[in-house]
Amino acid sequence: MMPIDEIILKTQRLKELLAQVPKEPTYDTWMEQIHELLDDREQLLAAHGPDLEKADQTVLRQLVDDSQKIARLIEAEHQRLGMTLGTTRMERKTVKSYVDPYEDVDSNFSGLFDQQT
């Protein structure tokens with residue numbers, strides 16, 4: 001397999017993974033797969049950079065377009081995570097700021113409310 005083919009395969013796999021953001025239980029595994037693919041792809045590009053100049057220009061343009069799409073998808077996921085983190089911080093702050101007005105009351109009022117009439 002030629003280096004350009006490996007780079008194209010890893011790029012396609014990255015696009016597929018980024019198009020399907022998983023739910024919470026598998027999110028960490030998904031992120032690890034993306035990081036591994038990005039690292040592998042970066043190593044291939046660094047190792048075979050001069051060889052890529054000899055490749056077909058249409059293939060290189062497609063690779064650049066795909067790389068830009070990947071960058072946009074990663075940025076969108078980064079923004080989504082930032083919004084999720086902000087929402088979580090707000091919820092946590094709200095929970096911490098809640099003051100139970102009955103916290104210091106020693107008696108149990110449940111008997112008054114639980115009776116059937």
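Tyrosine 27 and tryptophan 30 are both buried. Buried means under 20% relative accessible area, exposed means over 50%, and partly exposed is in between, with a 1.4 Å probe and protein chains only. The areas themselves come from the Shrake-Rupley method with a 1.4 Å probe, and for residues only the protein chains shown count as cover.

Before going on, a word on the model. This is a predicted model, where local features need pLDDT of at least 70, side-chain atom pairs count only at pLDDT 80 or more, and totals for chains, interfaces and linings use all residues. Residues are numbered from 1 along each chain as its sequence is written, and side-chain values use heavy atoms, with hydrogens and water left out.

Back to our two rings. The structure holds 1 aromatic pair. Tyrosine 27 and tryptophan 30 form that pair, and it is tilted: 5.2 Å centre to centre, with 40° between the planes. The rule is this: rings of Phe, Tyr and Trp (its six-membered ring) pair if their centres lie within 6.5 Å; planes under 30 degrees apart count as stacked, over 60 as edge-to-face, and the rest as tilted. How far apart are tyrosine 27 and tryptophan 30 in helix α2? They are 3 residues apart, so about one helical turn separates them.

Now the overall fold. The chain has 5 helices and 0 strands. From the N terminus on, the order reads α-α-α-α-α. Helices (H or I, at least four residues) and strands (E, at least two) are DSSP runs, numbered from the N terminus. Of the 117 residues in the chain, buried ones make up 19%.

Next, salt bridges. How many salt bridges does a search of the whole structure find? The search finds 4. A salt bridge needs a side-chain nitrogen of Lys or Arg within 4 Å of a carboxyl oxygen of Asp or Glu. I will show three.

Start in helix α1, residues 3–19. Arginine 13 bridges to glutamate 16, and their closest N and O atoms are 3.6 Å apart. These two residues sit 3 apart in the helix, so about one helical turn lies between them. Arginine 13 is partly exposed because its relative accessibility is 37%. Glutamate 16 is partly exposed too, at 45%.

Then comes a bridge between helices. Aspartate 66 and lysine 15 meet in a salt bridge, at 3.0 Å from N to O. Aspartate 66 lies in helix α4 and lysine 15 in helix α1, so the pair ties together parts that are 51 residues apart in sequence. Is aspartate 66 buried or exposed? It is buried, because its relative accessibility is 2%.

Isoleucine 70 belongs to helix α4, residues 57–97. At 2% relative accessibility, isoleucine 70 counts as buried.

Glutamate 77 and arginine 80 meet at 2.7 Å, N to O. Both lie in helix α4, 3 residues apart, about one turn of the helix. Glutamate 77 is buried at 8% relative accessible area, whereas arginine 80 is partly exposed at 36%.

Last, helix α2 again. Which residues form a negative surface patch? They are Glu24, Asp28, Glu32, Glu36, Asp39 and Glu42. Patches take residues with over 30% relative accessible area and no salt bridge, joining like charges within 9 Å and nonpolar side chains (Val, Leu, Ile, Met, Phe, Trp, Tyr) within 5 Å. Lys and Arg count as positive, Asp and Glu as negative, and His and the chain ends are not counted. The charge is placed at NZ of Lys, CZ of Arg, CG of Asp or CD of Glu. Aspartate 39 lies in helix α2, residues 27–47, and is partly exposed at 47%.

Histidine 35 also lies in helix α2. At 44% relative accessibility, histidine 35 is partly exposed. Histidine 35 and leucine 14 are 9.5 Å apart, C-alpha to C-alpha, and 21 residues apart in sequence.
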